[in-house]
Amino acid sequence: MYGDKAYVGQEESIRDVAPEAKSFLLHRAARNHPLRCWQEKLNRLWNSVRSGVEHVFGVLKARFGWRRVRPAWA
């Protein structure tokens, strides 16, 4: 499962529904605890995968005139 900030607090509820799912949620930095180098690299990798998928949906929405349509989960 790839996700952005919207899924950060929902990791346990997702694991209850799908115990075999792997979590690829982004690592978060705190005020006095910046991300480590390996966390930044993983975030960059996961963002590249997620943005590629979101780009496809954006193109389809623009092509069919659904720019103002909100996703069902929002």
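I take helices to be DSSP runs of at least four residues, numbered from the N terminus. The model I consulted is predicted.

**Entry 1: helix H2.** I looked up the extent of H2, which covers residues 37-63. H2 has 27 residues and spans 39 Å from its first C-alpha to its last, close to the expected 39 Å. I then listed buried positions in H2 and found Gln39, Asn43, Trp46 and Arg50. Just after the helix, I noted that Gly65 adopts a positive phi of about 75°.

**Entry 2: Asn43.** I next examined Asn43, which lies in H2. Is Asn43 buried or exposed? Its relative accessible area is 9%, and the cut-off for buried is under 20%, so I recorded Asn43 as buried. I asked which backbone atom the side chain of Asn43 reaches. I found the backbone nitrogen of His27, at 2.9 Å. Leaving aside residues up to four places away in sequence, I recorded that Asn43 touches Leu26, His27 and Leu35.

**Entry 3: the salt bridge.** The side chains of Arg50 and Glu54 form a salt bridge, with an N to O distance of 3.3 Å. How many residues apart are Arg50 and Glu54 in helix H2? They are 4 residues apart, which means that about one helical turn separates them. Side chains of opposite charge can pair when their charged atoms come close.

I also compared the exposure of the two partners. Arg50 counts as buried at 18% relative accessibility, whereas Glu54 is partly exposed at 44%.

Technical notes:
Residues numbered from 1 in each chain as written. Predicted model: local features only at pLDDT ≥ 70, side-chain atom pairs only at ≥ 80, totals over all residues. Heavy atoms only, no water. Helix = DSSP H or I, 4+ residues; strand = E, 2+ residues; numbered from the N terminus. Buried < 20%, exposed > 50% of the residue type's maximum accessible area, 1.4 Å probe, protein only. Polar contact = N/O pair within 3.5 Å; in protein donor to acceptor, adjacent residues only side chain to side chain. Contact = heavy atoms within 4.5 Å. Salt bridge = Lys/Arg side-chain N within 4 Å of Asp/Glu carboxyl O. Expected span 1.5 Å × (residues − 1).
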